[in-house]
Amino acid sequence: MAGIYLHIPFCKQACYYCDFHFSTNTQLKADLVAAMRQELQLQKNYLQGQTIETIYFGGGTPSLLSQAELDSLLETIYQHFSVTAQPEISLEANPDDLNLEKIRSLQATGINRLSIGIQTFNNENLTYLHRAHNATQASLCVQQAQDTGISNISIDLIYAIPHPDTTRIWEQDLATAIGLGVPHISSYCLTIESRTAFGNWLKNGKIKPIDEDTAALHFEMLTDRLTAAGFEHYEVSNFAQPEMYSRHNTSYWQQKPYLGVGPSAHSFDLVSRQYNVANNAQYIKALQQNEIPATKEILSRADRVNEYILTTLRTQWGCDLSYLATNLDLNLAETAAQQLQQWQANGWATLSGNVLKLTTQGKLLADGLASDLFID
Ligand code: SF4
């Protein structure tokens, strides 16, 4: 079982916090779609005939693609890959692109899961983040998708946004999100990356990030409110009603292979990772010459151990120490015995049988804790 990720590197405007690969110039859109179809064809054997379970349009802003463009990409996938009878086909969409007509056209292409980039329902904060939609559009598009029959909806929310009233706004955002009745919510702490507008503002002293205690409080509010509303906290940043997990993202965390198509997309075939060039013009030019502009890295044992620890510790299923012992020749229970005891004493983790899981408190520190177990 495998997945395909398609990176659509265009956005209407640059959100001030975003460091994903995208361009606000959409002139190359048609050429880019043609190049991605070419890449799909050239890479048809990358997944060695495995059945495709999930297809994910990410970005960037895939909701900028027309129905014909989406159809052509999906047709190319069906032409060259074996796709399961009921695949999960997700598309990231921004509220300003969604209306009844657009949602119906997405549904007609076979999209059966929407991941909507709402971020906040507060108009002041939406402007501050330089989002292209307002709060009314944010709620309306979810209702319209539900009315149209797309029930598998995820929304993205951001917390720890600098604002004098940040905690009250976050409480309201959580209540509004829960009230929409969506089965999946992804939520991220606002981080200030150097290559963004916020990164520049930070250098110039124009922005002051939220202090760690407030960010931790927001994370606690997130887990409390959503678990009380019946969501499972199944990954550090992801919450789902029972069985409504993102099948695509879960397969990343379960070390399943995937093909990433488009500029900056990554692929993974269990033994190596491949990274496409993060430049639209270079990507198109290479594909026009039947070349895949990717850098390949063969994963060492340490890479595989560290990735396994990092990804599994973030999930509710935890890190299976027997998997590490059997497949990667690492007896973590022995080599990290002291650390694991300390984590349990601090209330950060539990060890039950061979499965190491982080508590809610531990999840707040997930990446730092995981890196303490990394090997060279
Ligand atoms: S957050 Fe999304 S919409 Fe905003 S610039 Fe980044 S990719 Fe584009």
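Between domain 1 and domain 2 of this predicted model, six residue pairs are in polar contact, both partners having pLDDT 80 or more. On the domain 1 side, the elements α8 (212-228), β7 (232-235) and α9 (247-253) each supply at least two of the residues that touch domain 2. The largest share of that side comes from β7, with four residues. By residue class, the side of domain 1 that touches domain 2 divides into six nonpolar, four polar and two charged residues.

One salt bridge is counted between the two domains. The side chains of Glu235 and Arg314 form a salt bridge, with an N to O distance of 2.7 Å.

The extent of the interface was then considered. The size of an interface is often expressed as the accessible area lost when the parts come together. Domain 1 and domain 2 bury about 1000 Å² between them, and 63% of this area lies on carbon and sulfur atoms. Of the area that domain 1 buries against domain 2, 44% is supplied by Phe219, Val236 and Trp253, a contribution greater than that of any other three residues. In terms of residue counts, 12 residues of domain 1 are in contact with 10 residues of domain 2.

Conventions
Residues are numbered from 1 along each chain as its sequence is written. This is a predicted model: local features need pLDDT of at least 70, side-chain atom pairs count only at pLDDT 80 or more; totals for chains, interfaces and linings use all residues. Side-chain values use heavy atoms; hydrogens and water are left out. Contact means heavy atoms within 4.5 Å. Buried area is the accessible area (1.4 Å probe) that two parts lose on being put together, summed over both. A salt bridge is a side-chain nitrogen of Lys or Arg within 4 Å of a carboxyl oxygen of Asp or Glu. A polar contact is a pair of N or O atoms within 3.5 Å; within protein, one must be able to donate a hydrogen and the other to accept it, and residues adjacent in sequence count only if both atoms are side-chain atoms. Ala, Val, Leu, Ile, Met, Phe, Trp, Tyr, Cys and Pro count as nonpolar, Asp, Glu, Lys and Arg as charged, and the others, Gly among them, as polar.
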